[in-house]
Amino acid sequence: MVSKRIIPCLDVKDGRVVKGTNFVNLRDAGSAVELSERYYREGADELVFLDITASLEKRKTLLQLVKEVAEVIRIPFTVGGGISQLNDIESLLKAGADKVSLNTSIVKNPDLIKQSSKQFGSQAIVAAIDVKFVNGGYEVFIKGGTEPTGIEAFEWCRKTVDLGAGEILLTSMDRDGTKEGYDLRFLNELVKLVSVPVIASGGAGTKEHFFEAFQDADVEACLAASLFHYQILNIMELKKYLKQNGVNVRL
Amino acid sequence: MIALIDYGAGNTASVANALKSINADYKITNSEKDICDSEKIIFPGVGEAGFTIKKLHLLNLVNLLRIMKKPLLGICVGMQVMCERSKEGNSAGLGILPGSTDMFDPSAVKVPHMGWNRVKLLKENVLFNGIKDEIYFYYANSFYVPLNDYAIASSSHGLEFSAAVKKDNYYGVQFHPEKSGEAGLKVLNNFIELA
């Protein structure tokens, strides 16, 4: 049986972790590479990098980061943030990334999922989907959650899988940053709806929240950022807790 | 020298990084000559099996890989294409292993089979020297090689499938040793140290 995964997410800008300025144990607090290595040592199953660099230099710095990360960690990692071209996907995978996550670009051009999964395999293509509860239904938002699309969320999730996405990274905008727990209602329905693994994101505040997402919604993976960055939760301790409570995790 | 075959599919850099970290002498290549000059071959694959075979034909490597007697390690799709056929793209394989690859059943399990899964050792083999039974390796595959006479390890995802195979000088692992932490490095190192 495949084990459930714990995935720290790193928001990076110009190769530095954006939220990571308060670390106690790292000399260079903002280095994405150094933090990656720490998470690898602590037992993370996988990493996600979300690049929020806005400058024209973006592609170069992101590629450089991917190369450096790939040299130090021996677990898979996903890279996302403003990726819209097949060429970009190819260079990121060749630099050592295992998967790319696509968000705004696939809403604008759904065919990109088909083309990229055909060329690189479904296992390399993650559909990152940001949803928000609006007027009694869930709606897809793009551009970092700033722009509503009018697209119904479950329908879009299903479509990304039909087009070839190998995983769904589902972020609940209602829960993101609240520390009130993952959106179990949405996740539960989504896991039943799609055949690919679902990664829960947005809302984790305690170790119980991870347990609920695995136990009640049966997601394959849980993602969190600040909880790990600020060492509110230690990855190994979290995994031990989950194991004790009957969740199949890799220790 | 180890010839690390790069047919343009993507994960060569990750395997190269892993080889670097265990101080292996390797060369990234797709030339017949380099492969002939090498002592061992690592053939990593990702993406589609049909595409992989097509590329091997274009690079004129199919017959060479079939007949050469040096140790070869196929990773993921690099192991799958050793079969006679692949259901993926309905393509012919190298025909080193009997039978065809098959796809996991998406109505029964999550597909792709993605993440860390336990590897059960079936037969003693140097590839797993120093590695405990039932430890985790990282997988990312929708297709699998069914259990056959040459399987030396298995994993389970709705059904038992070949996690690793060995036939003559051919070795294959369905998981990604380059992404499986210390245990993965150990497998690569065991292959490199094969006499």
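**Stop one: chain A as a whole**

Select chain A: of its contacts between residues at least 6 apart in sequence, 65% join residues at least 24 apart (a contact means C-beta atoms, placed from the backbone, within 7 Å). Keep in mind that this is a predicted model, where local features need pLDDT of at least 70, side-chain atom pairs count only at pLDDT 80 or more, and totals for chains, interfaces and linings use all residues. Residues are numbered from 1 along each chain as its sequence is written, while chains are lettered from A and ligands numbered from 1 in the order in which they are written.

Switch to cartoon view and you can look for 10 helices and 11 strands in chain A (DSSP runs numbered from the N terminus: helices are H or I, at least four residues; strands are E, at least two). The C-alpha atoms of chain A fill a box of roughly 45 × 45 × 35 Å along the principal axes.

**Stop two: A:Leu50**

Now pick A:Leu50, in strand β3 (residues 47-51) of chain A. Is A:Leu50 buried or exposed? A:Leu50 counts as buried because it has 21 C-beta neighbours inside 10 Å (buried takes 20 or more other C-beta atoms within 10 Å, exposed 12 or fewer, partly exposed in between). Not counting residues up to four places away in sequence, A:Leu50 touches A:Cys9, A:Asp11, A:Val12, A:Gly80 and A:Gly81.

**Stop three: A:Val219**

Next, jump to A:Val219. Leaving out residues up to four places away in sequence, A:Val219 touches several residues, including A:Leu187, A:Ala200 and A:Phe214.

Note on methods: Two residues are in contact if their C-beta atoms, placed from the backbone, lie within 7 Å.
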